[in-house]
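Please read them alongside the sequence and the structure.

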Amino acid sequence: MIYLSKIAGAAIMLAVTCSMANSGEIWVTNEKDDTVSVIDTDSLEVIQTYETGERPRGITFSNDFSRVYICASDSDAVQVMDPNTGRILHDLPSGEDPEQFVLHPDDTHLYIANEDDAITTVVNTQTRKVVAQIDVGVEPEGMAVSPDGKIAITTSETTNMAHWIDTATQELFANTLVDSRPRHAEFAKDGSEMWVSSEIGGTLTVFDTATQSEKAKMSFEVQGVHPDRVQPVGFEFTSGDTHAFVALGPANHIAVVNADTYAVEDYILVGRRVWHMAFNADKTKLFTTNGVSGDVTVIDVASRKALKSIKVGRFPWGAAFRP
Amino acid sequence: MNRYATSLLAIVKREALRFIHQRERFIAALVRPLVWLLVFAAGFRAALGLSIIPPYQTYITYETYIVPGLCGMILLFNGMQSSLSLVYDREMGSMKLLLTSPLPRWWLLFSKLVGSTAISVLQVYAFLAIAAVFGVSMPVPGYLAVLPALIVGGIMLGALGLLLSSFISQLENFAGVMNFVIFPMFFLSSALYPLWKMAESSQLLYTICALNPFTHAVELIRFALYLDFNGSALIWTVLAATVFTCAALWGYKPSRTSEGRKP
């Protein structure tokens, strides 16, 4: 009997541990409401809403998830929030109109795209000082940093370039042309590839990181949607970087791309004007921010089906996961 | 086996045999909703935006939206088809033979209703299977959960067919049924467009749609397919089924029918 109860106890502990391992929160910035909505990844409900500066867009957590950084674009600041209380701790000097940023793997340096100033600002989050300002193309937006932290990328929307920054010298070492209005960049496959989405061009370009040369390019075609409305923006990779889920903006779909063959395998209907996305802890669910419809669509990654759309604030934009 | 069960089985078997022997009818019953699903819905998928309404939890394509309505369409057409066959039976004299059975007339008519509903449900499942092949699928348990909804809806529409057949004296009059029953019932319902969309254009049309029992049968099917329960739709459908059945029984009263007057 005691033996049985021990087994039952262990089973319950295991179940609780597994459930805790998968539980978490998705933080979503609401551009028009000046708030962030916090979604529980298990109940798929909004459990908290916190106020932020004006027009919050990019959002990311520190490595230990004790701080959340929010680009308050119209407040010209990157705000640092305590995610446990929702209190704004302080602002970081960000330059004008910060839209997207990326936190360096050293957990200290924040690379911020300043859309109006055509610069990338590097801020030390500990000293709260600007470390460098790097001239890039007109209207910088997409930001990425390689897993080894040696390369940072800024994409400029009007110059139509991906700018390669050496993080040791904080200087550009390469510029590569991409299709019109590049808006998001990500490194994949341990940093050997760098992907850029082009909103107006309607494409996703893959670069070989070592040579900065173009390796592949994908375009999208959604049944019943005019090609002009197919505008790739944010994208994220599944476990093992086998597939990329790509937000197609006003096409209201997420494309599923095979990251090995670069073939588009599927399209999933989500809300209107899908911008960005974030996975849950075990990457079984994907949460997409749908700007115009003001909701977040939850996608089951395995079946590639939309499960639910959750109302958040007005014009949700960025998303980030917190365990 | 008692005589009630024997007569029920015999009538259901006759319906099934008639259906099997009329392959064109089976194909036509499937082609009609499939044309709507694969042609009409494809053309309208971009034209009609849909918001999230229960039982859906997220955005759906138009194809997905109209599937429950097309299931209802199969039940509706089949209900009317059975009314047509009753008129034909009456003209051919086999109705007279059936109604001279010593069993109560209500039981014979009920058996006829069960037979036509069973055929309708089989057609709906055939349609759902083909729709799934074309990528319009529902949650797997929904295919089982929808069965009671299809039976209730099928009986309601079959009873309506029965009622109509008691008033139609000649086959030629059946065209009127098409114009005055099937089309209005189908188009003034939530089968092709959600009711809030109808309310945007006309409050009167919305009210008519909301009162249409076919709307409630479609919503009952829609909710069941997504493992949800729509209590008011069930009440409306059952109420309509009861009213139509009672009226049909009245319509087939011996004192009213020619069979009754001229045995």
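**Notes on the model**

1. Of the 323 residues in chain A, 47% are buried, a residue being buried if 20 or more other C-beta atoms, placed from the backbone, lie within 10 Å of its own. This is a predicted model, in which local features need pLDDT of at least 70, side-chain atom pairs count only at pLDDT 80 or more, and totals for chains, interfaces and linings use all residues. Residues are numbered from 1 along each chain as its sequence is written, while chains are lettered from A and ligands numbered from 1 in the order in which they are written.

2. Chain A has a mean pLDDT of 91, with 93% of its residues at 70 or more; pLDDT is the predictor's confidence in each residue, from 0 to 100. Residues 14-20 of chain A fall below 50, and beyond near neighbours in sequence this stretch has 0 contacts in the model. Where pLDDT is low, the predicted coordinates should not be read in detail.

3. Chain A contains 1 helix and 28 strands, taken as DSSP runs numbered from the N terminus (helices: H or I, at least four residues; strands: E, at least two). Its C-alpha trace spans about 70 × 50 × 35 Å along the principal axes.

4. In chain A, 42% of the contacts with a separation of 6 or more are between residues 24 or more positions apart. Two residues are in contact if their C-beta atoms, placed from the backbone, lie within 7 Å.

5. Where chain A meets chain B, 9 residues of chain A contact 7 of chain B. Strand S27 (residues 305-311) of chain A supplies the largest share of the chain A side, 4 residues.

Methods:
A residue is buried if 20 or more other C-beta atoms lie within 10 Å of its own, exposed if 12 or fewer, and partly exposed in between; C-beta atoms are placed from the backbone.
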